Amino acid sequence: MRPSHLLRGLCLAAGLLLAPLTARAEDGYDLWLRYKPLPEAMRGEPRIVGQPPASGSPTLSLAYGELRRGLDGLNPDEPGLDAPSIRLVTPSQSDTIAAFKLSMEGLGGEGYLIRTVQGGRLTVIAANTDVGVLYGVFHYLRLMQTGASVERLDVRSAPKVRYRLLNHWDNLDRSVERGYSGQSIWDWWRLPDVKDPRYADYARANASIGINGAVLNNVNAKSDSLTAPYIAKAAALADTFRPYGIKVYLSARFSSPIEIGGLKTADPLDPAVRAFWKTKADEIYKAIPDFGGFLVKANSEGQPGPQDYGRTHADGANMLAQAVGPHGGIVMWRAFVYSHEQPDDRAKQGYSEFKPFDGEFAENVIVQVKNGAIDFQPREPFHPLFGAMPKTNLGMEFQITKEYLGFSTHLAYLGPMWEEVLKADTFSAGRGSTVARVVDGKLHGYSRTLMAGVANIGTDRNWSGSQFDQANWYAFGRLAWDPEASAEAIARDWAAMTFTPDKRFTGPAAAMMMGSREAVVDYMTPMGLHHLMGRSHHYGPGPWVAGGERADWTSVYYHKADKAGIGFDRTAKGSDAVGQYAPLAAATFSDLSKIDEKDLLWFHHLSWDYRTRSGRPLWDELVSRYSRGVRRVGEMRATWTSLAPYVDPERHGEVATYLAIQRREAQWWRDASVAYFQSINGLPLPKGEAPPPLTLEAYEAMTFPYAPGI
Ligand code: BDP
């Protein structure tokens, strides 16, 4: 054997011997719950945790187990006999509650308090329910994970929103509509017998951020989901999720009475149809006693609905509400509707169809409204229904999976986008009538409140398709718990928990995250432009998309660019979509001197030489923003490179690769968009701006038949 071969052989053998001893490569599976040892200086004194009471619930055992696991991981030092301790407290321990005068009021069924007593020797985590205690444990561990002191705590927290749900757009064949992280994690075929351990890991991760429900199947639903075999499969998932405080819900196809009920109609006022749904609900509740309820997409994008029978959304929703109501269930009825008869402006249709029925929906119906009036674009003004339906429970629907923000290979932290919408003032009941206060029910006194997020979870080892997309799942949960929380604080927490609490890392990482969505807006759709992506798969630029089935599925419908100008006139002189907002909001959007330029072309059609606030003509300003977006991705790459010392090589490398893809695609978005709009206006590029390297025809000729998520 040649010496070099011998050497290689020895190395290989040594490597094999060492393998079990070396740490498993980081692949992101552990999410923000890694519990790696804290740096010495952040550890504090180790703590003693008691045993769960023998009579305790599975949830309480999980809470104890989680606390143990977290403490052991974060602070592996052995606690001394006299070390401070942590006690988990529920109302059955009335002595403890009395002794420390713990005020449990206002905590409700899910809130908790964390208090240090006895001069720092004891910390109690107390709640009215076991799941409240579990949430409290996760909060306590989060403090440790982020390097906060846990020596003197006085924390009270209760969710402001009651239903905090993930919506899975998962199909029964395991494909995921608009999913960019592998297949559906629900292995419908092998369920209910095979319960993948991943289901419990999923539930644990959700519980750690307060998510308390999951709609298991796509809103474009199949009736099969409501047949006995699939109810049994859903029940198996429900059994796994229950100890974590998570309920299952199902998307219901409105025409199920015909498809699986043998009826000729699905008319919501037909007694046989009503009986079908009642029997179906009873059947589901027999298998899943704490079933959450139904989510419905009706009369939208070709889905069946009550309008097929000349009935209203309220007729349809109330029929289902009556079926699940006696069992404590709810109906989430989506306001994302646009029918096959085209309205004057698609942005107006949700409002037009729902506003007239304010007050007509049953108490256990929540109308689920997307954040903006079109469709999850990188930026949209808040949906005009928020603030406009004081007598109807309205819930928020965000999209966590980034269908319109570059899929999983673009780093875009969505916290700032959601915060922007939640903080927006609807002015519907005077100043300060923010979307957050609509959603948390305070503004109108809603009886039920909801925040739903279209899940970005799949079979990828890192769950979300990319390391940084985990942050969007995380931020969604935190904002659902508190819609007034700070996106930046959440980013810092996530970065600390997911990588390291070292401030030299969390500072730059959070800053990079906070700017990332604005970079996407810049290189895709600056200044209020929207819906300019490739047709159907929505991957990459397509400002030239025109023709086909319906005008409002094209890009030209939305940008309305011609030789003279660009933008959608939604003022009173145009489609008057502004008229759907409260007068003060409408006045701001309508007035060129008041509107934020981020929304300019959403509401106005302007000439290419319109003078923007920078002093530059509109065309120059647009081009400069496209280029700024590309530059920002370059800066994100540089930041990430500089953070290498703080991140394990596996995850660092993965993120770096994705950022390289993003940089390339940002350039593509900029170049293709500039080439297209220049072909329309014939204007020269501003000084210093590089011309697109390819011809417009070359950009237009690109096809992506295998883009994911369709
Ligand atoms: C659009 C998606 C489509 C969904 C639809 C919806 O492209 O796949 O079915 O939203 O929300 O953005 O129903």
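Predicted model: local features only at pLDDT ≥ 70, side-chain atom pairs only at ≥ 80, totals over all residues.

Guide: For Lys 297 the corresponding side-chain distance to a ligand oxygen is 2.6 Å, and for Asn 220 it is 3.0 Å. Around the ligand are 14 residues, of which Glu 177, Lys 297, Arg 334, Lys 370 and Glu 403 come nearest; a residue is near the ligand if one of its heavy atoms lies within 4 Å of it. Residues are numbered from 1 along each chain as its sequence is written. Local features need pLDDT of at least 70 and side-chain atom pairs pLDDT 80 or more, while totals for chains, interfaces and linings use all residues, and side-chain values use heavy atoms, without hydrogens and water.

Turning to charge pairs, a salt bridge places a side-chain nitrogen of Lys or Arg within 4 Å of a carboxyl oxygen of Asp or Glu. By this rule there are 51 salt bridges. One of them joins Arg 47 to Glu 151, with the closest N and O atoms 3.4 Å apart. Arg 47 lies in the loop between helix 1 (3-18) and strand 1, and Glu 151 in the loop between helix 4 and strand 5 (154-157), so the pair ties together parts that are 104 residues apart in sequence. Helices (H or I, at least four residues) and strands (E, at least two) are DSSP runs numbered from the N terminus. Arg 47 is buried, at 5% relative accessible area, whereas Glu 151 is partly exposed at 32%; buried means under 20%, exposed over 50% and partly exposed in between (1.4 Å probe, protein chains only).

Glu 420 and Arg 517 also meet in a salt bridge, at 2.9 Å from N to O. Glu 420 belongs to helix 11 (residues 415-423) and Arg 517 to helix 15 (residues 503-524), so this pair links parts 97 residues apart in sequence. Arg 517 is buried, with a relative accessible area of 3%.

Arg 142, in helix 4 (residues 130-145), is buried but has no salt bridge; Asp 493, the nearest side chain of opposite charge, is 4.0 Å away. Here Lys and Arg count as positive, Asp and Glu as negative, and His and the chain ends are not counted. Beyond neighbours within four places in sequence, Arg 142 is in contact with Tyr 474, Arg 478, Asp 493 and Met 497, contact meaning heavy atoms within 4.5 Å.

Conventions: Polar contact = N/O pair within 3.5 Å; in protein donor to acceptor, adjacent residues only side chain to side chain.
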